[in-house]
Every structure is written in C-alpha cells, then in structure tokens.
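Subject: Structure handover and notes

Hello,

Here is the structure you asked about. Please open it first, then read my notes below.

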Amino acid sequence: MEMLNEFLKTRGIYALVMILFFLGVYGMVLSKNYMKKLMAMNVMQVAVIFFYLCFAQKDGGMIPIQNGLTTNPDAYINPLPHGLMLTAIVVSLGTTGVAIALLMRIKEIFGSLEEVEILRRASK
Amino acid sequence: MNFVQHAPVFIVLLPLTASLLCLLFSRISRNLGSYIVIAAIFGAFLSAATVLKQVLASGGQAIHYWMGGWEPPIGIEFVLDPLNSVLAVLVTFIALMVSIYSRPFVKREDWLHLGGYYTLFGLLCVGLCGMIITGDVFNLYVYLEIMSLSGYGLIALGGRKSMLAAFRYLLIGTIGASLYLLGVGYLYAMTGTLNMADLAKLVAAHLDSPLFAMAVACFIIGFGIKMALFPLHGWQPDAYTFSHPGAAAFIAGCMSKAPAYAMVRFLYYIFHVDNLVVHSALNVIGLLGIAGILIGSIMALAQFDFRRMLAYSSVAQIGYIAIGLAMGNLYGFIGAVLHMINHAFMKSALFLVIGGIQYRFGEVNLYRLGGMHKKIPISTVTLTLAALSMIGLPPTCGFFSKWYLMLGAYTGAQYFYIAVLVISSLLNAIYFFRIIEQVFVQREASLTEIQPPSTKLGLPIEMAVPIVVMGLAILVLGFCNGDIVTDVLKVGLPEVFLR
C-alpha cells in the first residue's frame with residue numbers, strides 16, 4: 001500500500017499519460033471507421049501534450065514573471081515546455097485539418113468512411 | 001547585409017516565402033506562381049552550394065547561423081557542417097530538377113491546382129532542408145511536420161486511390177512524429193536543453209539512465225516510421241505508387257533521406273555510439289535492415305506495377321543505409337551516408353523516367369514497356385544507368401556505396417552483412433535486368449499515346465532535360481565518389497571516429 005501510494009504520488013500521472021497514449025494507438029489500429037481512427041489519433045497527440053505539461057509542473061512554483069521579490073529559478077515554473085506545446089497544438093490542428101480534408105474527399109469518392117466498405121469499393 | 005553571411009537561412013527562407021506567395025501570384029497570372037517557386041528553389045540551391053563551398057574552404061568548420069542574433073542554447077541556430085551541407089545541396093538540387101520536370105503534368109490545370117501543387121512542393125522542400133540544417137531538436141520536429149503535411153498533400157493529389165494512401169500515411173506518420181516528440185520530452189526532462197550541441201555535452205552524464213534508453217527507443221521507432229525501415233514500412237508502397245506522378249520522384253528520392261539523416265545525427269553526433277544503449281539500438285537497426293533488404297527485394301520481384309516495384313526496392317535500399325549505420329565503424333558510416341546520396345539520385349531518376357512514360361502513354365505496368373527505346377531514346381539511357389546503379393555495377397555510383405558497406409562489414413568482422421549484400425545485389429539484378437530486357441529486347445507493346453510528342457526527344461523538353469541531368473549525375477557521382485568521400489564526408493566525421 002505504501003509503495004502504491006509512493007508510486008501514485010511520484011509517477012502515477014506518467015502512468016496515466018502512457019495509458020492514454022497507447023489507448024490512442026490502440027484505437028487507431030483497431031477501430032474500423034476512419035473518423036474514429038482520426039479521433040484516436042488526436043487522443044494520442046493530447047497524451048504527448050499532457051506528458052510535457054506534467055514534467056513541467058512544480059509544487060509551489062509561480063508564473064514566470066519578474067516581480068522583484070526573487071530571482072531564484074526554483075521559485076518559477078519553467079515556461080518552455082508550455083511554449084513548445086503551443087507549437088505542438090498548432091501542428092496537431094494542422095494534421096487534423098489535413099486529415100479531415102482527406103476524409104471529405106474519401107467520403108465523396110467512395111461514399112463511406114467504413115474501412116471494409118472503402119476497401120471493397122477501392123478494389124473494384 | 002551580404003549574401004554569403006546569410007546564405008544558411010536563405011536555404012529555407014526563399015522556398016518558404018515563395019511557396020506561401022505562390023497561390024497569390026497564380027491568381028494574378030496562372031504560371032507566375034510556379035516560376036517563382038522554381039526560381040526560389042534555384043536560389044536555395046545556390047545558397048546551399050555557397051555554404052558547402054564555405055564549409056569546405058574553412059576545412060570542415062561548422063557554420064553557425066543564429067536566428068535573430070539569439071545565442072544558443074537559448075536561441076535557435078542553423079548548424080551547417082560538411083555532412084549536412086552536402087545533403088542540403090542534394091535535396092535542393094533534386095527539388096530543382098523535379099520542380100522543372102513536373103510542370104507539364106500540371107500545366108493545363110486551373111490556377112488553383114497549379115498554384116496549390118507548387119505551394120505544396122515548395123513546402124516539402126522547406127521541410128526537408130530545414131530538417132537537415134537545423135541545430136535544435138524541437139525545431140527539427142516542426143520541420144518534420146512541415147515535410148509530412150506537405151507530403152500528405154502531394155500524395156493525395158495523385159487521384160482516386162491516393163486519398164487512402166495519404167490518409168493511411170497520415171495516421172502512421174503522426175504516430176512517428178508523436179514518438180519523436182515524446183523522445184524529445186525525455187531528453188529535455190533529463191538535460192533541460194534543446195540545442196543539439198549543448199545536448200551532446202549534457203547527455204553524457206545520463207547515458208545509463210532508463211529515460212535515455214526510452215528516448216533512444218522512441219527516436220528509432222519514430223524515425224524508422226518516417227524513413228520506412230522494414231517492419232514500419234507499411235505506408236510506403238501505397239504512398240509512392242499513388243502519389244502525384246510529377247512529385248513522385250522527389251517524394252521517393254528525398255523524403256526518406258531526411259529522417260535517415262536525423263537518425264545519423266542523433267546516434268552518431270549527439271548520443272555518440274560508444275555506449276551500451278546506442279550499441280544495442282544499432283544491433284536492432286542492423287537486424288531490421290537485414291530483414292528489410294531481403295524481404296523488400298523479394299517483394300519487389302513480385303510486382304507488376306513499375307512504381308510499386310521501385311517502392312519495395314526502396315525498402316531494401318533503406319535497409320542498406322540501416323546496416324551501414326549498424327556496423328558502427330568508419331567505413332560503414334561512410335557507406336551509409338554515401339548510399340543516402342546515391343540512392344536519392346538513382347530512385348529519383350527511375351521515378352522521373354516512369355513518370356515520363358506515364359505522362360506520354362499512361363502505362364505503368366512493367367511488362368508493357370516493350371520497344372520503349374525507340375519511343376523515348378534518351379530516357380531509356382537514364383533508365384539503364386539508374387538500373388545498373390541500383391544493381392551496383394561500376395562505374396555507376398551504386399557500386400561505390402556498396403563497396404564501402406562491404407569494407408565496413410569486413411573491418412568489423414561482420415561477414416553476414418557481406419552475404420546479405422551479395423544476395424540482395426543478385427535479387428536487384430533479377431528485377432532490373434527484367435526491365436532492361438523489356439525495354440530493349442521485347443516486341444513493341446501496343447500503347448496508346450495520350451500526349452503525342454512534340455519534340456524528337458519523345459517527351460516535352462522540360463521533362464527530358466531533368467531526366468538527362470539525373471542520368472549524368474549518376475555517372476558523375478560514380479566517378480567523383482573518391483572526392484566526395486575524402487573531401488566532404490571524411491572532413492565531417494563524428495567525434496567518435498576521431499578519437
């Protein structure tokens with residue numbers, strides 16, 4: 001029990017993030033509908049963003065602004081991972097946009113987003 | 001402001017600006033946008049050549065270009081050493097050739113398609129060049145995504161089935177990019193830096209930490225997906241086969257090289273190879289490479305579609321690069337990098353030729369290429385040269401990279417690699433001689449001309465010139481390989497080999 005508590009306290013959040021990541025991969029591999037595959041892909045990307053935010057967070061840290069009270073870096077939260085994740089969010093938005101555009105064309109051409117149906121019509 | 005001092009940033013800046021303005025100019029006048037992108041890629045090629053000349057003149061000293069004057073490790077920098085400046089020249093050169101070549105494919109489209117095609121093409125060039133010259137690991141991720149997103153677009157332009165290929169590649173490619181990002185996260189959590197040079201220093205203290213092993217594993221899988229290393233190559237045959245016929249040469253030639261280069265950069269220059277984790281990672285890469293060479297070659301034998309055959313042969317050729325890296329010695333490393341350069345030229349040349357055949361006859365079945373030497377005489381010369389180079393006959397360039405790979409296997413006493421290389425050369429010979437036989441010996445196939453030729457060359461002049469240039473480049477690379485190795489690659493060796 002002690003160990004479990006210790007684990008949850010220090011690494012529990014990372015375990016959850018990993019579960020979320022592989023849940024996304026699992027969904028991408030196993031779901032039969034292309035839209036669901038895309039949603040699973042987004043879940044996976046969100047897991048990576050969570051991962052960055054988790055290791056950037058610090059107990060008792062304050063926002064990184066100069067307030068004249070302290071210049072000790074331990075008192076601040078490192079803003080860089082958050083900055084990086086803003087970029088990653090933009091990238092994931094771009095990927096989702098391209099994917100949805102492709103899905104619209106696929107739906108137009110094959111008339112369906114179900115994998116089985118699409119493969120049947122594509123092989124004709 | 002002088003040009004030479006800012007040349008590193010122009011490699012990326014010129015195509016980026018041009019491709020973003022391309023649609024606007026296409027709206028004004030239909031062809032203007034494409035001319036601007038081609039000119040910008042030419043400018044990028046000149047800048048890359050200037051930088052390469054500068055680097056070599058200073059005896060291999062890396063050029064650091066600080067963005068906005070912010071000093072690393074806080075700012076983002078471009079670092080150009082002999083290894084990546086030669087790759088930047090390669091990418092921009094092939095981009096220039098293919099961008100000229102692909103104009104006839106899109107010439108008759110309306111402004112939106114013409115401009116859109118060149119926008120995506122320019123952005124793909126930006127992504128590849130940026131990945132190669134950047135000195136910052138997160139910046140590499142951004143360029144990787146620029147490359148991938150424009151790549152998805154170009155693949156999807158190919159027609160009906162290409163949508164499926166592009167969507168599948170998008171899903172798999174995003175897994176690769178996310179794993180790379182996760183690996184960067186581990187490294188950042190360990191060292192607190194994103195600059196490559198800084199990282200190489202700081203990571204030395206963490207080499208036995210489990211986080212480091214996790215980061216290396218993430219990188220291998222992430223880049224493995226992007227470069228189509230054997231069990232992760234599922235997206236690649238469809239993507240190469242159904243991509244836009246004009247851009248296929250660029251996609252097939254260069255898109256797998258930039259991630260392969262990134263893998264070289266990480267394993268050899270940042271992590272150094274002399275530690276346990278990277279050592280075992282190299283063993284894994286070597287095994288995957290061997291499997292890829294054998295299975296890729298056998299699958300290539302079974303194909304009817306010329307492009308699909310080339311795609312499977314790419315899986316095998318990426319295997320060559322992988323085993324070259326896995327040897328972990330000087331000759332293996334040189335062989336791998338030289339093969340990256342050579343394979344980019346060979347594969348682009350082959351795709352240019354099949355694109356030309358597809359343009360004029362709408363035919364891609366390799367059993368229907370009979371009598372092609374009368375119809376497109378000059379292109380078949382390039383086809384033959386590239387095919388011989390793939391098999392590895394001197395004096396074409398393919399021979400020399402295989403020679404270095406075998407030397408590497410011999411020095412490292414890893415003789416099974418030699419056996420694999422020989423078997424694969426035989427398989428290559430089978431499937432490429434089959435094509436040479438079709439083209440030169442077989443009865444003329446009855447093909448319908450979609451685009452009757454206007455010149456004696458059999459193809460429009462914009463297409464014929466790049467095909468000839470690529471054919472010549474294969475020979476030139478073969479004859480100059482000694483100079484490339486001694487003057488360029490040996491100057492930019494990673495630290496591990498210098499100790």
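To start with one residue: is Ala228(B) buried or exposed? Ala228(B) is buried, because 27 other C-beta atoms lie within 10 Å. The cut-off for that label is 20 or more. Bear in mind that this is a predicted model. Ala228(B) sits in the loop between helix H9 (210-227) and helix H10 (236-242) of chain B. Its phi is positive, about 60°, although Ala228(B) is not a glycine.

Other backbone points

Phi of Ala413(B) is positive, near 55°, and the residue is other than glycine. Look for Ala413(B) in the loop between H18 and helix H19 (415-440) of chain B. Ala413(B) counts as exposed, because it has 7 C-beta neighbours inside 10 Å.

There is a cis peptide bond as well. It joins Pro394(B) and Pro395(B), with omega about 5°. Pro395(B) lies in the loop between H17 and H18 of chain B.

Chain B overall

Chain B contains 21 helices and 2 strands. Its radius of gyration is 21 Å, close to the 23 Å from the globule rule for 499 residues, so chain B is as compact as a globular protein of that length. The C-alpha trace of chain B spans about 65 × 55 × 45 Å along its principal axes. Of the 499 residues in chain B, 61% are buried. Take the contacts in chain B between residues at least 6 apart in sequence: 79% of them join residues at least 24 apart.

The two domains of chain B

Chain B splits into domain 1 (1-135) and domain 2 (136-497). Their centres, taken over C-alpha atoms, are 21 Å apart. Where they meet, 38 residues of domain 1 of chain B are in contact with 44 residues of domain 2 of chain B. On the domain 1 side, helix H3 (82-101), helix H4 (103-106) and helix H5 (111-133) of chain B each supply at least two residues. H3(B) gives the most to that side, with 13 residues. By class, the domain 1 side has 28 nonpolar, 7 polar and 3 charged residues.

Start with H7(B). Helix H7 of chain B covers residues 162-191. H7(B) has 30 residues and reaches 42 Å from its first C-alpha to its last, close to the 44 Å expected at 1.5 Å a residue. H7(B) is mostly covered, with 26 of its 30 residues buried.

Next is H20(B), residues 461-479 of chain B. Its 19 residues should span 27 Å at 1.5 Å a residue, and its end C-alpha atoms are 27 Å apart, which agrees. The buried residues in H20(B) include Met463(B), Ile467(B), Met470(B), Ile474(B) and Leu477(B). The buried residues of H20(B) pack against H3, H4, helix H15 (330-361), helix H17 (377-391), helix H18 (397-411) and helix H21 (481-489) of chain B.

Where chain A meets chain B

How many residues of chain A are in contact with chain B? There are 26 residues of chain A in contact with 22 residues of chain B. Helix H2 (12-30), helix H3 (34-56), helix H4 (80-110) and helix H5 (115-122) of chain A each supply at least two residues of the side that touches chain B. H4(A) gives the most to that side, with 13 residues. The chain A side has 20 nonpolar, 4 polar and 2 charged residues.

Ser178(B) is found in helix H7 of chain B. Not counting residues up to four places away in sequence, Ser178(B) touches Met44(A), Gln45(A) and Val48(A). Ser178(B) counts as buried, because it has 26 C-beta neighbours inside 10 Å. Ser178(B) and Tyr141(B) are 37 residues apart in sequence, and their C-alpha atoms are 9.3 Å apart in space.

Best wishes

Note on methods:
Residues are numbered from 1 along each chain as its sequence is written. Chains are lettered from A and ligands numbered from 1 in the order in which they are written. This is a predicted model: local features need pLDDT of at least 70, side-chain atom pairs count only at pLDDT 80 or more; totals for chains, interfaces and linings use all residues. Two residues are in contact if their C-beta atoms, placed from the backbone, lie within 7 Å. Helices (H or I, at least four residues) and strands (E, at least two) are DSSP runs, numbered from the N terminus. Ala, Val, Leu, Ile, Met, Phe, Trp, Tyr, Cys and Pro count as nonpolar, Asp, Glu, Lys and Arg as charged, and the others, Gly among them, as polar. The radius of gyration is taken over C-alpha atoms; the globule rule is 2.2 Å times the number of residues to the power 0.38. A residue is buried if 20 or more other C-beta atoms lie within 10 Å of its own, exposed if 12 or fewer, and partly exposed in between; C-beta atoms are placed from the backbone. Domain bounds come from an automatic or database domain assignment. The expected span of a helix is 1.5 Å times one less than its number of residues.
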